[in-house]
Amino acid sequence: MLQAIWVSSPGSWALREPDCHRDGKQTSWKCEFVRTIIQHPYPRHDPKGPGKARMLKKIQICFCFFLALAILYEISLLSGCFFSYMPMPKHFLTPEQVLNLGKSIIFLETTERLEPPPLVSCSVESAARIYQDRPIILFMKGLTNDTALDLNSSYAAFSLLSSMKNVFIFPLQMETIFQETPLLQWYNQVVPELEKNWVHVSSDASRLALIWKYGGIYMDTDVISIRPIPEESFLAAQKSRFSSNGIFGFPAHHKFIWDCMENFVLKYNGNIWGNQGPLLMTRMLKTICNLTDFKGTEDHSCQNISFLNPQRFYPIPYPAWHRYYRVWDKSPNFNHSYALHLWNFMNHNRKAVVAGSNTLAEKLYKAYCPTTYEDLIQNAELRDFTFSEDA
């Protein structure tokens, strides 16, 4: 059973049994959606007699009716019907409860770090803004169930993301995630310390298991969302005839994902970078589809799986990743894109967004993750400047 970490959020609430008093006497009730019992003594020696008693009874019935409606309304929020309008009871929800709401957007942090860098924060924030009616979940390996982090945490990005109403941050517990999947046997046999690419391989495995079990969309933490993805079952083409695994979406228990997990184990080779990731997705897609080159901005489809044009997520290909950190004479509009992959693996954290630099990346931050830009870029630089002046 996955367990939730305690993450504080302003405005968070949970269902509570009311405790009300009237004229110094406690009124108790038992609400079971259709049956409500209220105990209150009738007034004695009242000259108006039964008339006043009937009036009090009507008031009590009306009160119970509206109370029941209020409770039903709160519970209905758990179905996601009003997810974009009201905060969830984040203190008390487990990962399974959030994932079972359906259509989650899932991010993974498979290093031990607890402070998400600005690009990770931007990725999560942009998704939270674009998909306001869906849960946005960041699983972090560095977290444990005993980790006490909240809005007052010294980790600025953690506090920023925790404050967003549809963002949930949970520990990444791989052994639990891999239960009831082909990946569990592999996980029990592999030795992480001897793996050359363990951070990437463990992420490749975890995203498959989570999407298989719960459905939704997986995104890398260097993907900035700019508009909703309209597809439910899709893979993202990095180029013609080649699929990435940095963004993909499927409903729960989709056969393609199950087949990918089986092939992950069968063809496992952790020494080859990407063998369990984009190479896996590509070879599995080729077993069911006759892949052809893309023409223009068309998407391809095969066996109810959409293979989305590279323009959807990779309008700037990986050899040109540095263009995100350059000043453009005229910024592209990305009208054919749903999200943008900033190729952080190629960047190796060498280039960062700098306030006032006017780079394409800075413009993207301002447009799609303005809180991250203000708190982690502008304010951080101001704090560093003030500190240096004081020193």
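This is a predicted model: local features need pLDDT of at least 70, side-chain atom pairs count only at pLDDT 80 or more; totals for chains, interfaces and linings use all residues.
Local features are given where pLDDT is at least 70, and side-chain atom pairs count only at pLDDT 80 or more, while totals for chains, interfaces and linings use all residues. Residues are numbered from 1 along each chain as its sequence is written, and side-chain values use heavy atoms, with hydrogens and water left out.

A disulfide is taken as a pair of cysteine sulfur atoms within 2.5 Å, and by this rule the count comes to 2 disulfides.

| Disulfide | S to S | Torsion about S-S |
|---|---|---|
| Cys-122 to Cys-369 | 2.0 Å | about -85° |
| Cys-289 to Cys-302 | 2.1 Å | about -110° |

With a torsion of about -85°, the disulfide of Cys-122 and Cys-369 is left-handed. This pair links distant parts of the chain, 247 residues apart, with Cys-122 in helix α3 (residues 118-130) and Cys-369 in the loop between α11 and α12 (370-390); helices (H or I, at least four residues) and strands (E, at least two) are DSSP runs, numbered from the N terminus. Cys-122 is buried at a relative accessible area of 0%, and Cys-369 is buried with a value of 0%, where buried means under 20% relative accessible area, exposed over 50% and partly exposed in between (1.4 Å probe, protein chains only).

The disulfide of Cys-289 and Cys-302 is left-handed, with a torsion of about -110°. Here Cys-289 lies in the loop between α9 (278-286) and β12 (300-302), and Cys-302 lies in strand β12, 13 residues apart; both Cys-289 and Cys-302 are buried. Counting bonded cysteines along the chain, the disulfides follow the pattern 1-4, 2-3.

Turning to the other cysteine described, Cys-260 is buried, its relative accessible area being 0%.
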